[in-house]
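Let's take a walk through this one together. Keep the view open beside you while you read.

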Amino acid sequence: MNPNTDCKIRLTDLSFYYGPRRILDRINASFSEHALTTIIGPSGQGKSTLLTILNRLWEEIGGGRIQGKVEIRLDGHMVDIYRDLHPLDRLRRKVGMVFQEPNPLPMSIYKNVAFPLKLIGATKDWHAVEAKVQSALSQTFLWNEVKDRLHHDARTLSGGQQQRLCIARALMAQPEVLLLDEPTASLDARAAEVIEELLTRLKSTCTLIMVSHYLEQVRRVADQVMELTHGRLNHQ
Amino acid sequence: MRSERCMQSALAAAAWISAAAAVLIFLFMAVLGWPLLGNGDLMQVLCGPWSPMHHQYGIRPMILGTLCIASLALALAVPVSLGCAVFIQVTAPKGLGRALHHLVRLMTGIPTVVYGFVGIFLLVPLVRNLSGHGAGLSILSAGLMLSLLIAPTMILFFVQGLAAVPQSHRQAACALGATPVQQLIYVLLPQARRTLLAGVVLGLGRAMGDTLIALMLAGNSVATPQSILDPTRTLTAHIALIIAADFESPEFRTLFICALILYLMTTLAVAVMRRLAAKPVEIP
Amino acid sequence: MRVAGQRAITAWSWISSLLLTGSVVTVVGFVLIKSLPVLHWRLIFGRTPPLEALWRWAPVTGGLWPAIGGTFFLVITAVGLALPFGLGAGIYLADCADGRLKRGLTLLFDVLAGVPSIVVGLFGFSLTIFLHRYLSARIYPSLLISALALAFLVLPYLIRGTQEALENLPNALRLIAPALGATRMQNIFRVLVPKALDGIAGGVLLSIGRCAEDTAVIMLTGAVASAGLPKSLLGSFEALPFYIYYISSQYRDPQELQQGYGAALILLLVCAVLLATSLILKNLLARRVRGW
């Protein structure tokens, strides 16, 4: 593995604490570009925390403490996201996240997907916005299902559709990395299958890191599997 | 299990007697004001001028006075209160936001009469000197002080409304790179819209119901005010001012019309507020 | 949303907060500075030696003692009258009433909480006239009438405080005693109320504060400028907030005015201490319940 071209994310001596409790213990690992890496392991071991460390979302919840180095290659440069003065909002656009529970915002389907554009003030040219929304929805196999009710409340969609909507929304920011925290855990088998297929296609544009409990699923989709136990991350 | 049933009936009785208090006050006012309500003079009372010398007992100036002072106080207090709530919930550095929240809670305990007292000896001379007009006892003075009285109530309500927005919404926006202020604009404010409006209604109710500030700072003139530097009299101050009159006199009867109007206005405010705030919120 | 807009919103929130903090510091600071020169035993006891006034009830003239005493007795009587009803109604709402009944009662209590105090005062005043005419000619505006009207005023605070304290108890706690065969009332009075006691006490302190600061009710129902310490429930009385109001328009010399500032400071402190204690008690309950 050539670390300069293939490595998208590199963790060096990464430790994480909640109060006195050590969640992660001097982790060293690297994640390959355009691959789907799954992280497995018993619950309560900090798998989700590891994901939120990669987009610094844990800082919004607070109470934690971090040591070590997290580097992500963004726009072709290796960036130490905790030391280099990389703007937080930019980082979070480049490192998208999909949660266990689908979390559409309380607005229409269309507005949900266009939301990331609104954040960067790129909604002036509404033709372009529409094109991008359609493209993101098509990419997540959702366009045909929702094209007639784009202006309905997003919460009227089924669970699987909501989750795909959230992925489409994350894709709008053109992320280089997509973090997935058990994205199919709250869905039925059929909806999960659709999402799995979607994820394998996304590998061409993104580096995917997914936390999963389902070994079946892991076997089907993962390029790389890591197990998190007792604060250590081991290759499988 | 006789004691069991006794206890339960005692509790129920306490609840019903307390509830009856609200109705009793209304009925008392309605019955005592009835002679005026009943014989068709109501319009004259509501719309006429106040001039006991000419046997005119209209309360239009007081209704106007109440509306002027309350809306001025609201216009001043709403932007500041919203700003403070945003500060506490979104923009403040952690410790500072909590400190302001505590301060606001303590502010709800400042006695109205102290606001009035400080108003007379600090604010009124200031208004008098700055405007160079009249005695300084004016709609402006009362409105300014009143806005300080109602601000904490509204801030606490606003903060509750903003805090009630589900964490998952904030998190979703945050994970997409929304800054705290963007989360406020696109997620918190639209979601808390109804609660915020309810807070404004609550503030309006408080502003209309306050007596001491208007009584001490607004000058209590019964003429219809022309500008905010003119003195005026509110419904509440009107009740406070004429008390030593004969039970049967029309002058005294109008007090009950004033009280009825105040009762109905504040009840309306409560009803609207409960309608707006979908979930039950703690009324500060 | 452009950066400039975001900056403007941040700036506006800071300015609002500074404005509010500045105003309240000005108000409190003004009272404090103006009353500093009179902060002395004489402010309260006038020329009477404090111990004489305290032990032998020696009459105090030229001090705030009668007003403080009046407020004290007024608050005790008012809260004493309201307490059984407030606690009972609060418990009833939290643990006995459901659905439409509960919503209806809460609406009425919210309405009662919204009634302006001057309207409650007018109610008390007309009740006095009514009683004077039809019950006994000995009834005049008095301490008892004021306390009764104030009891109406603080009833909703007591009810809400009790109800909230009980409703904030965890559901798991609610089920323990019934699972062991306790009746509903046993559960309420042996388990739930004792557990929620500090929250309830918080509500009581809050209503004491409301009673102590309210002026509009007592100015219509029996408070006067000079009466000495209250001698009976049916006599008129002095009270701190009324004294402050009275001084603001009727002071005869700068010395009296300064005494007004002193009274304002004392009332401010009393209310602040009551409110702060009530908030702390509420917090204590919340923290204990979370840790339960």
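Chain A carries 30 positive and 27 negative side chains, and the centres of the two sets lie 3 Å apart. For this count, Lys and Arg are positive and Asp and Glu negative, while His and the chain ends are not counted; each charge is placed at NZ of Lys, CZ of Arg, CG of Asp or CD of Glu. In chain B, there are 16 positive and 8 negative charges, and their mean positions are 20 Å apart.

A word on what you're looking at: this is a predicted model, where local features need pLDDT of at least 70 and side-chain atom pairs count only at pLDDT 80 or more, while totals for chains, interfaces and linings use all residues. Residues are numbered from 1 along each chain as its sequence is written, chains are lettered from A and ligands numbered from 1 in the order in which they are written, and side-chain values use heavy atoms, with hydrogens and water left out.

Back to chain A, which has 9 helices and 10 strands (DSSP runs, numbered from the N terminus: H or I of at least four residues for helices, E of at least two for strands). Its C-alpha trace spans about 50 × 40 × 35 Å along the principal axes. Of its 236 residues, 57% are buried, that is, under 20% relative accessible area with a 1.4 Å probe, counting protein chains only.

Chain B has 11 helices and 2 strands. The C-alpha trace of chain B spans about 70 × 70 × 30 Å along its principal axes, and 57% of its 284 residues count as buried.

Now look at where chain B meets chain C. The contact (heavy atoms within 4.5 Å) takes 82 residues from chain B and 83 from chain C. About 7,000 Å² is buried between the two, with carbon and sulfur atoms giving 80% of it; this is the accessible area (1.4 Å probe) that two parts lose on being put together, summed over both. On the chain B side, Leu11(B), Phe117(B) and Arg274(B) lose the most area to chain C, together 9% of what that side buries.

Let's zoom in on Phe117(B), which sits in helix H5 (residues 112–131) of chain B. Phe117(B) counts as buried because its relative accessibility is 0%. Beyond its neighbours within four places in sequence, Phe117(B) touches Met216(B) and several chain C residues, including Ile244(C), Leu257(C) and Tyr261(C). Phe117(B) and Met216(B) are 99 residues apart in sequence, yet their C-alpha atoms are 7.6 Å apart in space.

Note on methods: Buried < 20%, exposed > 50% of the residue type's maximum accessible area, 1.4 Å probe, protein only.
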